[in-house]
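Colleague: I would like to go through this model feature by feature. Please give the general idea each time, then the case here.

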Amino acid sequence: MQGTVTMYSTTWCGYCRRLKSQLDRQGIAYTEINIEQDPASAAFVEKVNDGNQTVPTVLVKPESGSRDVVMTNPSLAQVQQALAG
């Protein structure tokens with residue numbers, strides 16, 4: 001699968017740990033950004049989640065040129081589907 005995955009997370013988020021583990025098992029590369037250490041990323045997460053810092057928030061940029069997809073607490077299948085474009 002091509003494209004890029006960015007996961008906005010925190011150190012204490014169990015849902016983030018679960019999704020990272022699933023992505024790792026499937027060999028899907030991702031960039032993780034801790035919103036507690038990056039104010040600009042925290043602001044992005046708030047913007048796409050109605051003012052809430054809900055994690056994991058995942059940004060998928062499909063290589064196919066399809067529109068970027070932002071998902072909150074997605075399943076592995078949703079991330080794979082977004083990557084497929």
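Modeller: The largest nonpolar core has 20 residues, and those with the most contacts inside it are Val5, Leu23, Val58, Val60 and Val79. Such a core is a set of buried Ala, Val, Leu, Ile, Met, Phe, Trp, Tyr and Cys residues joined through side-chain atoms within 4.5 Å. Two or more residues each come from strand S1 (4-9), helix H1 (14-26), helix H2 (39-48), strand S3 (57-61) and helix H3 (76-84). H3 gives the largest share, four residues. Helices (H or I, at least four residues) and strands (E, at least two) are DSSP runs, numbered from the N terminus.

Colleague: Which residues is Val79 in contact with, leaving aside neighbours within four places in sequence?

Modeller: Contact means heavy atoms within 4.5 Å. For Val79 the partners are Val5, Leu23, Val58, Val60, Met71 and Pro74.

Colleague: Is Asn49 buried or exposed?

Modeller: Buried means under 20% relative accessible area, exposed over 50%, partly exposed in between (1.4 Å probe, protein chains only). Asn49 counts as buried because its relative accessibility is 8%. Asn49 sits in the loop between H2 and S3, and a polar atom of its side chain lies 2.9 Å from the backbone oxygen of Val45.

Colleague: How is confidence read?

Modeller: pLDDT is the predictor's confidence in each residue, from 0 to 100. The protein averages 95, and 99% of the residues score at least 70. This is a predicted model: local features need pLDDT of at least 70, side-chain atom pairs count only at pLDDT 80 or more, and totals for chains, interfaces and linings use all residues. Residues are numbered from 1 along each chain as its sequence is written, and side-chain values use heavy atoms, with hydrogens and water left out.

Definitions and conventions. A polar contact is a pair of N or O atoms within 3.5 Å; within protein, one must be able to donate a hydrogen and the other to accept it, and residues adjacent in sequence count only if both atoms are side-chain atoms.
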